[in-house]
Amino acid sequence: MNCIAEQREKSGIKQRELVAALGWTQARVSNYEAGRRTAGLAECRAIVMAFNKLGVTCTLDDIFPPDMAACNQAA
């Protein structure tokens with residue numbers, strides 16, 4: 001699982017803004033957020049870089065924490 005939606009909402013970023021920063025489809029980002037698709041390492045890095053590009057200071061572990069309890073606590 002991941003904290004994409006939680007980080008995005010906490011940062012005030014709309015899904016369409018993240019989609020534009022990534023150059024992906026809305027469906028793809030939605031599927032990652034909902035956990036219907038699992039992002040590979042390259043996709044994980046791209047998502048973190050997109051957040052950074054949008055002004056959010058975060059790391060791979062912030063968006064894809066090793067312990068999902070950390071994701072739920074951060075939201």
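**Close-up views of a predicted model**

View 1. At 15% relative accessibility, Glu-33 counts as buried (buried means under 20% relative accessible area, exposed over 50% and partly exposed in between, with a 1.4 Å probe and protein chains only). This is a predicted model, in which local features need pLDDT of at least 70 and side-chain atom pairs count only at pLDDT 80 or more, while totals for chains, interfaces and linings use all residues. Residues are numbered from 1 along each chain as its sequence is written, and side-chain values use heavy atoms, with hydrogens and water left out. Glu-33 forms a salt bridge with Arg-8, the closest N and O atoms being 2.6 Å apart (a side-chain nitrogen of Lys or Arg within 4 Å of a carboxyl oxygen of Asp or Glu). Because Arg-8 lies in helix H1 and Glu-33 in helix H3, the pair ties together parts that are 25 residues apart in sequence; helices (H or I, at least four residues) are DSSP runs, numbered from the N terminus. Arg-8 is buried at 10% and also forms a salt bridge with Glu-9, with 3.9 Å between the closest N and O atoms, whereas Glu-9 is exposed at 55%.

**View 2. Arg-28 between Glu-43 and Trp-24.** Arg-28 forms a salt bridge with Glu-43, the closest N and O atoms being 3.7 Å apart. Since Arg-28 lies in helix H3 and Glu-43 in helix H4, this pair ties together parts that are 15 residues apart in sequence. The charged end of Arg-28 also sits over the ring of Trp-24, 3.9 Å from its centre (CZ of Arg or NZ of Lys within 6 Å of the ring centre and within 35 degrees of the ring normal).

**View 3. The aromatic pair.** The structure holds one aromatic pair. Trp-24 and Tyr-32 form this tilted pair, at 5.7 Å centre to centre and 55° between the planes (ring centres of Phe, Tyr and Trp, the last by its six-membered ring, within 6.5 Å; planes under 30 degrees apart are stacked, over 60 edge-to-face and the rest tilted). Trp-24 is buried at 16% relative accessibility, and Tyr-32 is buried with a relative accessible area of 3%.

**View 4. Surroundings of Phe-64.** Phe-64 is placed in the loop between helix H5 (60-63) and helix H6 (68-74), and is buried with a relative accessible area of 15%. Not counting residues up to four places away in sequence, Phe-64 touches residues including Met-1, Ile-4 and Ile-47 (contact means heavy atoms within 4.5 Å).

Key: Helices (H or I, at least four residues) and strands (E, at least two) are DSSP runs, numbered from the N terminus.
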